[in-house]
Amino acid sequence: MTETAMTQTPKSRFQSFDFKTAGPAIALILLCIIGFLLNPAFLSEGNITNLLTRSAFIGIIAVGATFVITAGGIDLSVGSMAAVIAGVMIIVMNGAVETFGTGVTTVLIGCGCSVILGIGAGFINGFLTTKGKIEAFIVTLGTMGIFRSLVTYFADGGTLSLNYDIRGVYRPVYYDSFAGLPIPVWVFIIVSICGWLLLNRTAFGRYCTAIGSNESVAKYSAIKVDRIKTWTYVLQGLCVSLATIIYVPRLGSASSSTGVLWELEAIAAVIIGGTVLKGGYGRIGGTILGALILTTIGNILNFTDMISNYLNGTMQGLIIIVAVWLQRGDWGRKNKAN
Amino acid sequence: MTETAMTQTPKSRFQSFDFKTAGPAIALILLCIIGFLLNPAFLSEGNITNLLTRSAFIGIIAVGATFVITAGGIDLSVGSMAAVIAGVMIIVMNGAVETFGTGVTTVLIGCGCSVILGIGAGFINGFLTTKGKIEAFIVTLGTMGIFRSLVTYFADGGTLSLNYDIRGVYRPVYYDSFAGLPIPVWVFIIVSICGWLLLNRTAFGRYCTAIGSNESVAKYSAIKVDRIKTWTYVLQGLCVSLATIIYVPRLGSASSSTGVLWELEAIAAVIIGGTVLKGGYGRIGGTILGALILTTIGNILNFTDMISNYLNGTMQGLIIIVAVWLQRGDWGRKNKAN
Amino acid sequence: MPDGQTIAASVLCAERISKSFGTVPVLFSVSMDIRAGEVHALIGENGAGKSTLMKILSGFHQPTSGRILMDGQEMTLPPNGETEKLGVVLIHQELNLAEQMTVEENVFLGREITRRGRLERKQMADVVQGYLDDIGLDIAPTDRISDLSIAQKQMVEIVKAMSRDARVLIMDEPTATLTEAETELFFKQIERLKAQGVAIIFVSHKLSEVKAISDRVTVLRDGQWIATQDAKDLTPDAMAQMMVGRELSDLYPPINEADVDAERVLEVKDLHAPDVKGVTFYLKKGEVLGFSGLIGSGRTAVFEAVCGLAPIDSGEVRFDGRPAEFTSVSKARDAGVVYLTKDRKGKGLLLDKKMRENLTLFALPKFVRNLSVDRKAEAEAMERAVRRFDIRSRDANINVGDLSGGNQQKLLLAKVMECDPRILIIDEPTRGIDVGTKQQIYHFIAAIAAEGVSVVVISSEMPEIIGVSHRVVVMREGQITGVLTGDHINENEIVRFAAGLKREMTHD
Amino acid sequence: ETIKIGVSYPTPTHAWAAGMNWHAEQAEKRLEALYPDVDLVLVNSPDPSAQASALEDLVSVHGIDALVVLPFESEPLTDPVLNVKKSGALITVVDRGLSQPGIEDIYVAGNNPELGRVSAVYMKSRLKEGDNIVILRGIPTLIDNERFDAFMAEIEGSGINVLDHKHANWNRDDGFEVMQDFLSRFPDIDAVWAQDDDIAIGVVAALKQAGRDGNGMFVVGGAGMKETIKGIMDGNELVPVDVLYPPSMIATAMDVTVAAFKSNGPVAGRYILGATLITKENAASFYFPDSPF
Ligand SMILES: Nc1ncnc2c1ncn2[C@@H]1O[C@H](COP(=O)(O)OP(=O)(O)OP(=O)(O)O)[C@@H](O)[C@H]1O
Ligand SMILES: Nc1ncnc2c1ncn2[C@@H]1O[C@H](COP(=O)(O)OP(=O)(O)OP(=O)(O)O)[C@@H](O)[C@H]1O
Ligand SMILES: [Mg+2]
Ligand SMILES: [Mg+2]
């Protein structure tokens, strides 16, 4: 908290150009230029579409994570949650085929089930954190293990596959386009806009920020701290369930390796976007750019064979650090800072 | 910060029995009782020794993590750091065989190299966090990827193995005992004691707490915040290098899968032990109990085949959550809290 | 103004200091000199630049222009409290303690006594205990700061400063949170230090204190130096006039006769809650009810329980004649019962947010239109609040943490007033506020009481309680020891009840 | 006097391993029913360290007479297995050999280099000089290196261009994304070596999405997933063959180990299972519909 207050204060007025906001955008543009220089096919329509679609998963989850982190919490369970939701969705849809056939109804049942599970899982995280008064890190580390092992159990260690006939009905949700953009991208856009409105234009968003900034002040300002915090986890769960709904039709399967490390990616996207890990300051726009940056890094590395495959992680790590360093945006003022 | 302030405030003066401190101990004792009931062999000397030795790795790393977290930071790179240090140690020792033979000198060179690397890696994390003013989460997420991919690169995707002749010399460091306790346990004990003294009995420890508690207060008290924070990461690096020194003789090799998820285990041990994730309050004793709790959970699960192997993660998650819930120690006061 | 002679005698001297934050100027060519063995008071309205000047004199800010002389030598003061090595010690206006650490750890933070690397904990604890005894503070060196009340924290700050062997001790409103009894003990220490030749700078809005303790007084107004005079030549009224730049009428408004037949809007019967042991009182419509007592007497605790901030163990709260147990702050707020905290930094304001966000946070549901926060309405509210409470910031866009202390307090008052309360409970309403604004606030309290709002004023400033209340409740150790009305409201009576020398059981 | 046999292998995190787990559990049931005096204890571990710990626990707690172990990695588990050996237990090593010879009494394994070689031979049979292929590799490990190196050695000199190879970590999602990028990057790809059936599923999805699944394009996976084999039986042209790397090898190892106690002939030795090319003709004999893999 203190830190932010301090770093934000000095003469932000002088900068006609707000680096804090523009930082992630600049990092993304630089990455795109690098990508194009490495291989002009990087900017081909197909690749851009792929890139956006891929970002959708992490992006949607990261929008939820922005709320959790802004309110001073953390959720490590999202990757495992996605896996278990995907698994249960598939089991439910496969089961529903007998009764409801292989039509849209079955898919809708699957989606409904996903939403319920997401909200339920989020509520459990939130409830244990607020009413159980257990550190969010521990609660979600615990549920992360629990969800992951549940999907392994359901899949009997292997892979759960969606009935082939339903796949045909469900496929378009991932593969079809509307007005030139794939459906997942539309979902991402809608979730982002809703998230942005919620965080910046509603009382709920204010409350999240206030809680992350100073929980006692929030309490004395008639904010139901526990309830709002729980809501952030529920929202996170909802986002995970939406991401899962567009993930499942992609390959029609879920296994214990689904969504591994998504939690780190989601949190990284949020932080790269300029949200403060300790809470009190959240930026949905930044989060979206953060998700795009992460996906682009992976994409670029697939576009070149200049670097040993083994060193992909090194490049990824370096780029993330540099991207965040860029977005601090005070390299010019380095010497003036005391 | 605020959170702690609130939970600690109410009448801590009145509790003759400090649950906050005793909590992890009670959780551990309960686990041991459960273990014994499942299988009396749990309390056999051999098993207790195994358990303690296993805890040593995570325990030593977690002692370092306690400092980082107390000072308000976080280090996600420890697992990968252990892997890359182990890898380089092995390369160096194998290389040194030609010049120095397969004697103690070579092992000492390896250990020296480990310590230097640990301190160096810690310094990089600290430097980027403090001077680069990049969020610790991002810096160490980046170095986590970098270290991990470096070890893959050095091992050429495979495994680096220690020369068999050196192994003979080095083996005792893991497998031998002194006064009834294995060497790694001794190292763990010594590191714990040093850590405890450092945190509770020196000015450095106080500075860590002060920085985690309120960075501007620390700054205004003429504490060199950046320097102290950097030192915590260096200390963390040193702990990782010590853990690696006793880890290498155990398996005699390193690969890209060495130390995966150790960072989560180390942080979990710290938090289970009662240290506050947002900083300002650290407890080495708790950390040690936390490490023991985590190892014991894994050990107990190996003792019974009542539960499907796939559900190990579920048990682990549940036990961690319950252990931390127990250690809050205010279940009696539940209803009075608002 | 300072001639050659005084420069020679002064320990620390500021010459034509100017300071701007960004483009916003705050101090304009201010000069001030401090001599060994004097108490030099610095007074001025909220936002006049007192704290800024003090921070410059102790190295926490660098001046934009001007010189600082120490013992006649021009020098650049080192930043971040390192001036302590030169003997210049500042007590910040905002509390500057690490909450999770103990009293002893805070007092010695940054200059621990060690031997061969190990902390001399026993020795440090003894030293701290010594100071605590000197200043009459009943806490242990091992107590955590987060467990202390604000006044106690302030006293710890004082202990911290005193323990540093200062040559120049700069104190920014050290007495704002203290009661008179504590202030007296504190002044004894000041006298002692003064006798040892320590130079003391003292910022306060309590002008009678200034008159009592200081040798010289410097007045700032809007960042400009106005005057430096011997204190013996000035009366508190004259000081106030120099600060505000105009004649001040009566500080307290005339108290309207209380309506004896007004209904009781709030009744509390035999309330038991943390730190509250069986409290019974009532509050009538349009009444100003003062709550007096020593620090820690449980006044705050009573109202935190009433407003849903703390759990109630037993007892009854009736609002508008109906039982009303507010289980959450928002329920209390929706009913029109609002509580203004005394801890503006810890519980009142989000220091890293802008004024507008802080202003509307409490009454936010009121600003919601079509599911979203009406930002235009917010801006209008902000404008109104600035006018109504005279919130002065030279830059409307700064974080609240950078507002001057008094302006933060005004913003806090504006924040709770946003939701048009029926019962307003204000805890230490004028903490750190200048006389001019105090007067406005008192008139304001009288005015809303006249409109039918019931006001509870919890205050440790006796004149304030006496000046604004229709009735005064005195508390001691979590219980009510007496209720005073009319002519009985005077300092003597209050002190006797507060100290436990007198106790009457009033049950109506 | 029961014979206790510990069976230790990595926690299944992908389908092949799950298949192995299934076969191990089937074998446990079968063998325990067959021999009442045999008790098999199955444990799986998420990483090499945990597996080393599990081996310690098998000796100190369960007091096993024999160990069937599929090491997470060869190197780190050599010493722990050696320690089990010292306790007097019979050692059967599965799939990944230990780095020190002579520890195991029985060795049962698939053949990684052969998998790579067989795949390359098939590629050569279908492609002509100047044709382009891309390779999606597994997780960087020795196994992956062995398969890859053998493939490259066999393909060398054939005139077939390997455009690039990236790690897809034996994972469907990674397979999908890497293949998408290969498709954006290379306009002309004639075949894909996916090395593994999970990766192949992702590759096929990406090919279909880009509409580049025709024109004689084909994908070669590996391992023997039941869906893939079913597809081959049904004449899928996109994935016409598979190269076997049987998950049932653990069951084989368990059989042999029990036989070491029950048989009257010597059973110690090395059992190397072939990397058979599964085609439409022989697919039926490799199809286990009940296995998760
Ligand atoms: N860091 C800062 N950045 C921008 N403006 C600041 C900063 N610190 C102070 N100011 C502004 O400087 C002016 C003077 O503030 P200062 O705190 O010195 O007033 P003060 O005289 O101490 O008032 P008070 O009696 O209310 O404490 C105020 O307008 C304040 O908003
Ligand atoms: N001497 C003390 N020792 C410990 N705690 C104290 C002491 N005095 C006050 N407190 C704390 O203050 C609370 C009760 O006092 P409360 O703040 O209600 O009193 P108050 O009359 O409002 O005093 P203040 O003048 O500080 O506003 C308790 O929670 C207690 O923890
Ligand atoms: Mg001030
Ligand atoms: Mg069995």
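1. Contact here means heavy atoms within 4.5 Å. On that basis, 38 residues of chain C are in contact with 24 residues of chain A. The model is a predicted one, and the points below should be read with that in mind.

2. The interface of chain C and chain A buries about 2500 Å², and carbon and sulfur atoms account for 55% of that area. Three residues, C:Lys347, C:Asp352 and C:Leu361, supply 19% of the area that chain C buries against chain A, more than any other three residues.

3. Between chain C and chain A the count is 1 salt bridge. It joins the side chains of A:Arg206 and C:Glu378, with an N to O distance of 2.6 Å. On the chain C side, C:Glu378 sits in helix H13 (residues 375–389), and on the chain A side, A:Arg206 sits in helix H10 (residues 203–213). For the model as a whole, the count over all chains is 52 salt bridges.

4. Polar contacts between chain C and chain A come to 9 residue pairs, with both residues at pLDDT 80 or more. Several elements of chain C each supply at least two residues of the side that touches chain A: helix H10 (329–335), helix H11 (344–348), helix H12 (355–361), strand E20 (372–373) and H13. The residues on this side of chain C divide into 15 nonpolar, 10 polar and 13 charged.

5. The interface of chain A and chain B takes 53 residues from chain A and 53 residues from chain B. Together the two chains bury about 4600 Å², of which 73% lies on carbon and sulfur atoms. Across this interface the rule finds 0 salt bridges, while 6 residue pairs are in polar contact, both residues at pLDDT 80 or more.

6. On the side of chain A that touches chain B, at least two residues each come from helix H1 (2–8), helix H6 (136–154), helix H11 (215–220), helix H13 (262–272) and helix H15 (312–328) of chain A. H6(A) gives the largest share of that side, with 13 residues. By residue class, the side of chain A that touches chain B divides into 27 nonpolar, 17 polar and 9 charged.

7. Ligand 2 lies between chains B and C. It is surrounded by 13 residues, the closest of which are C:Asp275, C:Arg299, C:Thr300, C:Ala301 and C:Lys342. The shell around ligand 2 is made up of 3 nonpolar, 6 polar and 4 charged residues. Helix H9 (residues 299–306) of chain C gives the most to this shell, with 3 residues.

8. Which side chains of chain C place polar atoms by the oxygen and nitrogen atoms of ligand 2? For C:Asp275, a polar side-chain atom lies 2.7 Å from an oxygen atom of ligand 2. In the case of C:Gln152, a polar side-chain atom is 3.0 Å from a nitrogen atom of the ligand. The side chain of C:Ser297 has an N or O atom 3.1 Å from an oxygen atom of ligand 2. Taken alone, ligand 2 exposes 610 Å², and the protein buries 78% of that area.

Technical notes
Residues are numbered from 1 along each chain as its sequence is written. Chains are lettered from A and ligands numbered from 1 in the order in which they are written. This is a predicted model: local features need pLDDT of at least 70, side-chain atom pairs count only at pLDDT 80 or more; totals for chains, interfaces and linings use all residues. Side-chain values use heavy atoms; hydrogens and water are left out. A residue is near a molecule or strand if one of its heavy atoms lies within 4 Å of it. A polar contact is a pair of N or O atoms within 3.5 Å; within protein, one must be able to donate a hydrogen and the other to accept it, and residues adjacent in sequence count only if both atoms are side-chain atoms. Accessible areas come from the Shrake-Rupley method with a 1.4 Å probe; for residues, only the protein chains shown count as cover. Helices (H or I, at least four residues) and strands (E, at least two) are DSSP runs, numbered from the N terminus. Ala, Val, Leu, Ile, Met, Phe, Trp, Tyr, Cys and Pro count as nonpolar, Asp, Glu, Lys and Arg as charged, and the others, Gly among them, as polar. Buried area is the accessible area (1.4 Å probe) that two parts lose on being put together, summed over both. A salt bridge is a side-chain nitrogen of Lys or Arg within 4 Å of a carboxyl oxygen of Asp or Glu.
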